[in-house]
Amino acid sequence: MPILPPPDNEYRGSRIAIWFVWLQIAVNLFRGWVHVFWADSGAGRIAGIDLSHDGAPVISLLAAVGADQLAWAVIELGAVLRYRRWIPTVLAFLLAKQVAAAWLLWVWKPLGVEAPGKFGALLGVPLCAAALWLSLRARPEPAR
């Protein structure tokens with residue numbers, strides 16, 4: 001039995017939602033690359049976090065986050081290339097992740113620095129919601 005089912009590109013939602021998933025792929029590849037492969041995981045150079053006193057745990061945790069971002073890029077790539085029927089489901093999960101990240105970074109455990117990811121979490125909520133809504137709207141049948 002194969003790991004992946006046969007391709008299923010039966011998708012009737014907006015093409016804009018597909019382009020949004022392509023954007024998410026690019027964002028996750030960039031963020032994941034930075035968090036996993038940069039020496040400081042982007043914590044110092046991008047987020048401005050002072051790593052001079054015991055910065056290793058921060059770098060390690062960001063690298064783990066980066067591995068997740070790279071994995072999501074692969075999932076998203078699979079959705080746009082082979083399993084377009086899954087685009088609304090992928091977008092629903094992305095929206096849930098964005099809502100949780102925004103709540104964590106701004107309310108429950110506020111991030112004490114002005115890192116791009118903190119603002120990206122807020123911006124991602126309405127963008128993911130709009131992309132999900134577009135993915136669920138059926139395009140009209142082409143005229144025959």
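Which element gives the largest share of the lining of the largest pocket, and how many residues is that?

Modeller: The model is predicted: local features need pLDDT of at least 70, side-chain atom pairs need 80 or more, and totals for chains, interfaces and linings use all residues. Numbering starts from 1 along each chain as its sequence is written, and side-chain values use heavy atoms, without hydrogens or water.

Helix α1 gives the largest share, with nine residues. (A pocket is an open set of points on a 1 Å grid over the protein atoms alone, where a 1.4 Å probe fits, with protein on both sides within 12 Å along at least five of seven lines; lining residues have an atom within 4 Å of a point.) Two or more lining residues come from each of α1, α2, α3 (87–108) and α4 (116–136). The volume is about 1,200 Å³, counted as the space filled by probe spheres set on points joined across faces, edges and corners.

The lining has 25 nonpolar, 10 polar and six charged residues. (Nonpolar means Ala, Val, Leu, Ile, Met, Phe, Trp, Tyr, Cys and Pro; charged means Asp, Glu, Lys and Arg; the others, Gly among them, are polar.)

Among the residues lining the second largest pocket are Leu-4, Trp-72, Tyr-83 and Phe-93. By class, this lining has 10 nonpolar, two polar and no charged residues.

Conventions:
Helices (H or I, at least four residues) and strands (E, at least two) are DSSP runs, numbered from the N terminus.
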